Amino acid sequence: MRLTTTFLLSLLLITLGSIAITESADAQRLRRARSSPRAVIWRNPGDIKSRNLLYGPGSPQLAPVEPFTFIEESKKGESPKFDVKDARGVVWTVKLGEEAQAETVATRLVWSVGYFAQEAYYFDEARIENLPKLSRGRDFVLNDGIVVGARFEPERKHMTEGPTWDWDDNAFRGTRQLNGLKVLMILLNNYDARKDNNKIYYSRPGEAGRYEAHHYVSDLGASLGRSGGLGGKRTKNDLESFLSTRFVMGVEDGAVEFDYDTRPTKLGHLSVLYPPYYRGEVKKEKSMRGIPVAHARWIGSLLGQLTDEQLRDAFRAAHYNDAVMEGYVEALRDRINQLQQL
């Protein structure tokens, strides 16, 4: 009996040891996969005319579901933000202010031609349970915890945030895919296209079981206004100032010259008082120069496949009124035509 017990214990230890070794090997393979992920910045969008810009990278099934319960406020960035949990337990970052609508549109336009973009859902009004007195954005809060003009962005469990990536130092230097993304930032007049907003998110294993490092431009809300420079004050989500700016200025030495000067000219601005910020703006503008005509024309050919109705859907998703929506659609179509005619 004692011999049998000893034998069984030995067998159990051997089995557990084998499992431990197997688990250790699996863990090693997982670490190796994560240590050398496949860098991806663009995927062929397929039939662009069939892309749904009303939801963009999201869907009706993935949209936030009431009721929303307050978690905590965020002090990062210029816009008021806080986190909530919805009825399904999904955590969402709620952004208030003038960036909310512009970001909802920008994510859809970037996604429509094959780039990665975060989900964004816009609410004219949303009731937040247990909403405390916010340190920012009180102008967007009504009675009974109702906030107005809110963009919801989810935290997805399958996405793990990694480091930032640089416009000038990355795996895609010189490619039309990278330059096409730069053109999109200029087309949208996104004056906040700096390194800090360039995020890498690791996905589940893709081709050949490898993890993928998806390269995003996040925080696209500083768009659809004036980028700054000689045009004057930087604005976002402002049709009149968007219409006051130019786009393609010309071509020199095979590269397109764009109207993209994001340095504020007002004295007393942070860029004057804080030299590192100003140097960052100069570096960002330099990164957006030297885009070959062929690359600009390529992204123009993709954007040109979007119908006006698809463009309208992007603005309908952010609840723009008809007059403003039509103004933006006409302006974007003109910019797309400029790229196609290079």
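Analyst: Start with one term: two residues are in contact when heavy atoms lie within 4.5 Å. Keep in mind that this is a predicted model.

Now take Phe 258. Leaving aside neighbours within four places in sequence, Phe 258 is in contact with Val 183, Ile 186, Phe 247, Val 248, Met 249, Ile 291, Ala 296 and Leu 339. Is Phe 258 buried or exposed? Its relative accessible area is 13%, so Phe 258 is buried, because buried means under 20%.

Phe 247 and Phe 258 form an aromatic pair. The ring centres are 5.2 Å apart, and the planes make an angle of 45 degrees. That pair is tilted.

Asp 253 has a positive phi of about 55 degrees, although it is not a glycine. Its relative accessible area is 77%, so Asp 253 counts as exposed.

Next, the core. The largest nonpolar core has 58 residues. Which residues have the most contacts inside it? They are Leu 181, Met 185, Phe 258, Ile 299 and Leu 339. Helix 2 (99–112), helix 3, strand 9 (212–217), helix 4, strand 11, helix 7 (293–303), helix 8 (308–316) and helix 9 each supply at least two residues. There is also a second, separate core of 18 residues, which includes Phe 82, Trp 92, Tyr 121 and Ile 128.

Helix 3 covers residues 176–187, 12 residues in total. From first C-alpha to last, helix 3 reaches 16 Å, close to the 16 Å expected. How many of its residues are buried? The count is 10 of 12, so helix 3 is mostly covered. The buried ones include Leu 181, Val 183, Met 185 and Ile 186. Val 183 and Ile 186 are both contacts of Phe 258.

Just after helix 3 comes Asn 189, in the loop between helix 3 and strand 8 (198–202). Asn 189 is not a glycine, yet its phi is positive, near 55 degrees. At 0% relative accessibility, Asn 189 counts as buried. Asn 189 also touches Ser 227. Ser 227 is in the loop between strand 9 and helix 4. With a relative accessible area of 4%, Ser 227 is buried too.

Eight of its 11 residues are buried, so helix 7 is largely enclosed by the rest of the structure. Among the buried ones are Ala 296, Trp 298 and Ile 299. Ala 296 is in contact with Phe 258. What covers the buried residues of helix 7? The cover includes helix 3, strand 10, strand 11, strand 12 (291–292) and helix 9.

Last, compare other rings. The whole structure holds 15 aromatic pairs. One of them joins Phe 242 and Tyr 328. This pair is tilted, at 5.6 Å centre to centre and 55 degrees between the planes. Phe 242 lies in helix 4 (residues 239–243) and Tyr 328 in helix 9 (residues 322–340), so the pair ties together parts that are 86 residues apart in sequence. Both residues are buried. Elsewhere, the charged end of Arg 51 sits over the ring of Trp 111, 3.9 Å from its centre. Ring pairs also link Phe 68, Trp 92, Tyr 121, Phe 123 and Phe 152 into a cluster.

Conventions. Residues numbered from 1 in each chain as written. Predicted model: local features only at pLDDT ≥ 70, side-chain atom pairs only at ≥ 80, totals over all residues. Heavy atoms only, no water. Phe/Tyr/Trp six-rings, centres within 6.5 Å; stacked < 30°, edge-to-face > 60°. Helix = DSSP H or I, 4+ residues; strand = E, 2+ residues; numbered from the N terminus. Buried < 20%, exposed > 50% of the residue type's maximum accessible area, 1.4 Å probe, protein only. Lys NZ or Arg CZ within 6 Å of the ring centre and 35° of its normal. Expected span 1.5 Å × (residues − 1). Core = buried A, V, L, I, M, F, W, Y, C linked by side-chain atoms within 4.5 Å.
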